[in-house]
Amino acid sequence: MDLKEFFQQNPRAALGFSGGVDSAFLLAMAVKYKAQVQPYFIKTAFQPEFELHDARELTRRLGVELTVIEHDILSSRQVAENPENRCYYCKKTLFGLLKEKALKDGYTMLLDGTNASDDFSDRPGMQAIRELEVRSPLRECGLTKKEIRRLSKEEGLFTWNKPSYACLATRIPAGTVLTEPELQKIEKAEDKLFSLGFTDFRIRLFHGAARIQLPAEQMAKMTEIREEIYRELKPYFKAVLLDLETRKSV
């Protein structure tokens, strides 16, 4: 099956939309093949503002109305306590909300942007997706992240080379309780690095310090302006550290 066949067979659905590479391409294909797919963006303390901005911009360009649902994800004790399988409880909560809202809006099928490169065996959130019977067209059609980027570029989507972005909760070690001030601090610090021209990086909390992970090609720049980076990030953390194990882009 390809996406054209999928949307011919399933012409009406709700989409859990992040504004990232995968969900953007999936929505664009739904529009291309004239399916009625309604995108929903659930805004929590885990999503930075730029993700919502990108989601709004992408849907605007596609001529699709975006539904934004705001939710206090930290009100869930199982999520806020940040266990190893936090992602399971988070996905269960968020897609449960989406399912409830979608049903009220007349949509009985839920879609997400999981692709064929995603590893089901090591991602607790995938279990929640299965339990809620969410369909993953990109995975069902065998589309990998590399193929999705290539096809997105051909379709003229600005998201084609957007770095993969995990939610802010992944910056904090499992077992450390999640709080909104800590998440906001990390978001502000990452905004500082973005403004300095860095991309596809992570700032992870490490015993109160910032541990910066960068792609190999950006290491030299980090060294060149390290004093400026230190000045920008020091207000948020007791120390600023550079992880010498480089990040691999996907």
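The following legends describe close-up views of a predicted model. Residues are numbered from 1 along each chain as its sequence is written, and side-chain values use heavy atoms, without hydrogens and water. Local features need pLDDT of at least 70 and side-chain atom pairs count only at pLDDT 80 or more, whereas totals for chains, interfaces and linings use all residues.

**View 1. Packing of helices α2 and α3.** The axes of α2 (residues 21–32) and α3 (residues 49–62) come within 11 Å and cross at roughly 15°. Helices are DSSP runs of H or I with at least four residues, strands are runs of E with at least two, and both are numbered from the N terminus. Axes are lines fitted to C-alpha atoms, for helices over the stretch in contact, with angles from 0 to 180 degrees between N-to-C directions. The two helices α2 and α3 are therefore roughly parallel (angles under 35 degrees; over 145 count as roughly antiparallel, 65 to 115 as roughly perpendicular and the rest as oblique). Residues A24, L27, A28 and V31 of α2 meet L58, T59 and L62 of α3, contact being heavy atoms within 4.5 Å. By class, this contact of α2 with α3 has six nonpolar, one polar and no charged residues (Ala, Val, Leu, Ile, Met, Phe, Trp, Tyr, Cys and Pro are nonpolar; Asp, Glu, Lys and Arg are charged; the others, Gly among them, are polar).

**View 2. Packing of helices α9 and α11.** The axes of α9 and α11 come within 10 Å, crossing at roughly 150°, which makes α9 roughly antiparallel to α11. Contact is made by A189, K192 and L193 of α9 and by I229, E232 and L233 of α11. Four nonpolar, no polar and two charged residues form the contact of α9 with α11.

**View 3. The largest nonpolar core.** Of its 41 residues, F46, L193, F198, I203, I212 and I229 touch the most other members. Such a core is a set of buried Ala, Val, Leu, Ile, Met, Phe, Trp, Tyr and Cys residues joined through side-chain atoms within 4.5 Å. Elements giving two or more residues to this core include β2 (36–43), α9 (180–195) and α11 (226–233), while α5 gives the most, with five residues. Leaving aside neighbours within four places in sequence, I229 is in contact with L193, L196, F198, I212 and M222.

View 4. T159 lies in the loop between α8 (145–154) and α9. T159 is buried, with a relative accessible area of 0% (buried is under 20%, exposed over 50%, partly exposed in between; 1.4 Å probe, protein chains only). Not counting residues up to four places away in sequence, T159 touches G19, G20, V21, A24 and R149.
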